[in-house]
Amino acid sequence: MIKIADAQRREPWVSTANPCHQCRPLGAMVAFQGVEGCVPFLHGSQGCATYMRRYLISHFREPVDIASSSVSEKEAVLGGGPSLRKGLRNVTEKYGAKVVGLATTCLTETTGEDLGMLVHEWDKEVLEHPLDAGNPEVVKVSCPSYDGTHMDGFHGATRALVEHFAEPTAPHGGVALFPNFVSPADLRHLRELVQAFGLGATLVPDYSERLDGPALDEMPLMSAGGTTMDQMRALPGSRMAVEFGRTIAPRISATSYLGEAWKVPVRNLGLPIGIRETDAFAALLEEVSGRETPAILQMERGRLIDACVDAHKYLSGRTAVVFGDEDMVVGLVAFLTEIGVKTTLAASGGKSGNLASEIDRVTRSFLEEPPRVLSDSDFRDVEDCVESQQADFFLGHAKGYKLSRRRDVPLVRVGFPLHDRFGGQRMLHVGWRGALNLLDTIVNAILEKRQDDSPVGYSYL
Amino acid sequence: MGTDSISVFAERKGQILVAGSGQESISCDKQSLSGAVSQRACVFCGARVVLYPIADALHLVHGPIGCAAYTWDIRGALSSGPELHRMSFSTDMREREVIFGAEKKLERSLRELIAKYQPRGAFVYSTCVAGVIGDDIEAVCKRVEADVGIPVIAVQSEGFKGNKRAGYSAACKAIDRLVGTGDTTGIGPLSINILGDFNLAGEIWLIRQYYEKMGLQVVANVTGDGRVDDIRKSHGAKLNVVQCSGATMELARYMKEKHGVPFLRVSYFGIEDMAESLYAVARHFQDVDWQVMEKARRIVAEELSTLVPEMKELKKRLQGKTAAIYVGGAFKAFSLIKAFRHLGVKVTLVGSQTGTEEDYREIQQVCDPGTVIVDDTNPLELGAFLRDNDVDILVGGVKERPIAYKLGLGFCDHNHERKLALEGFLGMRNFAREVAATVESPIWKLVPRRIGRTTANTPLSTETVNRRMP
């Protein structure tokens with residue numbers, strides 16, 4: 001696919017330079033981290049697991065175990081079945097895996113491994129000869145790296161989990177929440193928000209503990225935490241299934257499945273970033289619970305609006321270039337629009353095809369003309385555009401640092417990955433509280449730049 | 001201690017031994033066990049790390065985006081000039097191309113990138129998918145090379161075709177294609193190439209400076225702060241000085257066979273190894289110029305005059321602490337064992353990802369009895385070992401760091417990503433300081449594993465504060 005060309009450039013680039021996204025299996029590995037007792041497992045060559053572990057560890061600063069079937073030349077030719085079965089046995093017996101989150105890679109997709117059949121054979125084998133440690137549930141997801149991005153892997157794995165575990169369940173009044181790829185701090189806050197309305201919540205996935213856990217005195221076989229199998233089995237009994245993300249394709253959406261197969265009432269909202277997207281989530285929770293937003297949360301919202309008023313002069317007329325995962329970008333642009341920052345370019349490596357229309361939707365009531373949008377793009381595309389666009393700051397993940405440095409434009413770091421800053425896993429983006437955190441961070445970046453660039457060096461700003 | 005306390009995979013038993021236990025050999029260079037979380041990487045990774053620092057070359061990854069995304073600016077390999085190596089280029093193969101072949105996209109990508117970035121050479125890395133679909137990368141490279149007038153080299157680095165060592169081999173073969181294609185005019189009799197140093201945190205500049213002070217001409221850095229044109233004429237040098245056990249040995253052997261350039265194996269980590277490296281090189285040139293040795297001695301004496309007193313101070317502080325080492329190559333492990341000895345730190349575990357049987361035999365000889373030696377370990381084993389032994393610091397790469405930190409013990413990054421020079425005499429000082437800075441942090445008194453081992457863990461008094469009037 002040829003990427004969108006910049007108007008200034010005659011020929012579109014064929015190659016990709018300095019990518020803005022990662023490959024599909026990475027997202028699946030993150031989602032599988034969010035299941036209790038689950039070992040994420042890649043059916044592919046050894047390097048994939050090691051590269052992804054390193055990539056995730058540098059962001060979360062936590063041990064991230066990803067097993068691999070270490071496919072070699074022999075298995076690539078003759079089939080990786082034996083190697084896969086051996087691997088499944090090993091992770092069960094040695095790690096005590098209760099769930100194995102199994103994803104293919106570009107290699108095993110291209111060699112044409114039939115994952116469905118391989119897992120079926122494995123299940124049959126252990127049914128006849130059960131493992132001492134108990135047979136694991138093997139949840140499989142197809143992750144051809146040449147199709148889609150890490151976000152497709154994330155959503156695909158989430159849906160695979162729901163499809164695998166969902167069982168007929170009596171209505172239990174809980175809310176099923178599919179939070180999208182957000183930080184552990186976001187996950188904790190989302191659970192807190194739902195519970196504040198007196199509702200039970202099952203988050204899928206929930207890596208808030210496994211990827212942001214406490215100091216330990218003993219290395220567990222597997223980090224504690226995550227959505228339990230029982231919680232996932234009971235999803236069809238949910239009062240409602242809520243999925244965040246405006247760009248998720250129905251075929252990889254967990255709510256599409258729960259709605260179609262189990263007739264669970266479904267609501268798909270944008271990621272609750274900023275004022276109006278969070279208001280929408282709160283309104284939904286009010287509707288489901290029949291309760292008003294609790295006073296303590298209304299106070300948070302009030303404080304946010306108050307802070308936006310206090311900050312409006314610092315922000316008025318400012319411009320930003322935003323990049324990252326599509327749904328994150330939509331949420332960030334929605335918030336920037338609310339606080340008077342003009343987005344001159346919104347870019348993503350994602351290619352759902354919905355980015356431009358969704359950005360239009362969240363900015364329409366505030367802007368006459370929607371921001372410029374680049375889908376399926378990389379940082380070379382962004383840089384080509386930035387030459388002709390104005391930006392007081394960049395808002396996005398840390399891979400934009402090189403661009404920020406070259407242009408001497410501050411980068412306000414949000415999302416994933418944050419490989420060059422501390423505390424990425426604790427960064428709060430969602431809810432009114434998350435918006436306030438974003439506001440403080442953005443305003444302070446602007447003030448810092450203003451102070452640094454000023455010949456006077458004012459003490460009061 | 002024995003290996004029993006490590007809950008090893010039965011099939012990995014042969015890959016672990018205890019120094020002085022009578023067990024003589026260790027099995028290694030095996031394919032990683034399926035289902036184990038190996039710290040190893042793939043062929044592509046091995047090739048990519050070796051070629052990566054060549055700063056004025058275009059490095060194009062032919063495959064889906066992952067392989068390029070995860071290796072973008074991944075190493076701290078510095079350049080004194082161009083920085084093309086710090087960009088990430090990929091053909092970003094899509095489903096259509098996997099089905100119909102991606103040679104056209106590769107060719108167009110190569111041509112546009114060479115036109116735009118004007119590199120002095122280009123490396124095209126084959127990945128798993130490129131290998132499986134059978135793209136003829138070699139043919140594309142030849143075609144482009146004929147038109148653009150710079151070397152365009154296919155690197156046979158399909159991830160699944162072996163382990164990291166196979167990647168080193170693929171890289172050496174790629175570099176070998178460059179060697180011997182340049183003009184050697186002006187290269188004198190006192191000349192060397194530096195092999196197997198990647199200029200992490202500017203280390204090769206330090207080492208080059210030592211050699212230049214000895215009166216030697218450094219023709220090519222392979223590959224730290226490397227340049228295509230230097231490598232092309234590197235066969236004119238009179239000696240290859242090779243660091244790092246696996247990465248560039250094969251190239252040194254090729255250069256010996258094809259161009260008659262002899263080689264020496266050295267290590268720049270630690271005091272003895274650094275000094276011995278300079279002496280060994282000086283000895284090689286003794287018959288050409290006896291002053292080289294004299295100059296080498298002067299460098300060592302001068303460096304040691306400031307380093308030794310500081311090391312003594314640090315040793316006082318670190319005496320009795322214990323360390324575990326888990327690094328990529330075994331050569332580095334040797335040097336680290338010796339370096340820790342200078343600091344009074346006892347090494348209780350040594351492991352590598354890619355050591356050979358010979359390497360492990362040598363490691364066993366330099367270790368204290370009882371030291372556990374492992375090949376290609378995994379987080380489970382490593383965690384179990386660190387739990388059972390009150391280790392103060394683990395030396396490893398970025399993937400080991402969270403294991404150490406989660407268990408509340410110190411860590412020193414000794415891998416590609418380090419930002420602190422650890423080679424040379426300066427590197428020894430940096431290493432010693434970093435070990436001390438980590439080991440002496442007060443936080444180790446407050447981590448769970450030290451509960452009961454120290455009184456510092458107890459809460460401060462809950463008695464009301466007795467405020468005094470001034």
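**Contacts between and within chains A and B**

Visitor: How many residues of chain A and of chain B are in contact?

Guide: This is a predicted model, where local features need pLDDT of at least 70, side-chain atom pairs count only at pLDDT 80 or more, and totals for chains, interfaces and linings use all residues. Residues are numbered from 1 along each chain as its sequence is written, with chains lettered from A and ligands numbered from 1 in the order in which they are written. Two residues are in contact if their C-beta atoms, placed from the backbone, lie within 7 Å. The count is 58 residues of chain A against 59 residues of chain B.

Visitor: Which element gives the largest share of the side of chain A that touches chain B?

Guide: Helices (H or I, at least four residues) and strands (E, at least two) are DSSP runs, numbered from the N terminus. Elements supplying at least two residues each include strand S1 (16-17), helix H2 (46-60) and helix H4 (81-95) of chain A. The largest share, ten residues, comes from H2(A).

Visitor: What is the split by class on that side of chain A?

Guide: Ala, Val, Leu, Ile, Met, Phe, Trp, Tyr, Cys and Pro count as nonpolar, Asp, Glu, Lys and Arg as charged, and the others, Gly among them, as polar. The side of chain A that touches chain B divides into 26 nonpolar, 20 polar and twelve charged residues.

Visitor: Which residue of chain B stands opposite Ala17(A)?

Guide: Two strands pair if DSSP finds at least two bridges between them. S1(A) and strand S3 (residues 89-90) of chain B are joined by two bridges and run antiparallel. In S3(B), the residue opposite Ala17(A) is Phe89(B).

Visitor: Within chain A, how many residues do domain 1 and domain 3 bring to their contact?

Guide: The bounds, from an automatic or database domain assignment, include domain 1 (24-165) and domain 3 (295-452) of chain A. Their centres, taken over C-alpha atoms, are separated by 34 Å. The contact takes seven residues from domain 1 of chain A and ten residues from domain 3 of chain A.

Visitor: In chain B, which helix gives the most to the side of domain 2 that touches domain 3?

Guide: The assignment for chain B includes domain 2 (43-169) and domain 3 (191-305). Here 19 residues of domain 2 of chain B are in contact with 16 residues of domain 3 of chain B. Helix H1 (43-51) and helix H7 (164-178) of chain B each supply at least two residues of the domain 2 side. With three residues, the helix that gives the most is H7(B).
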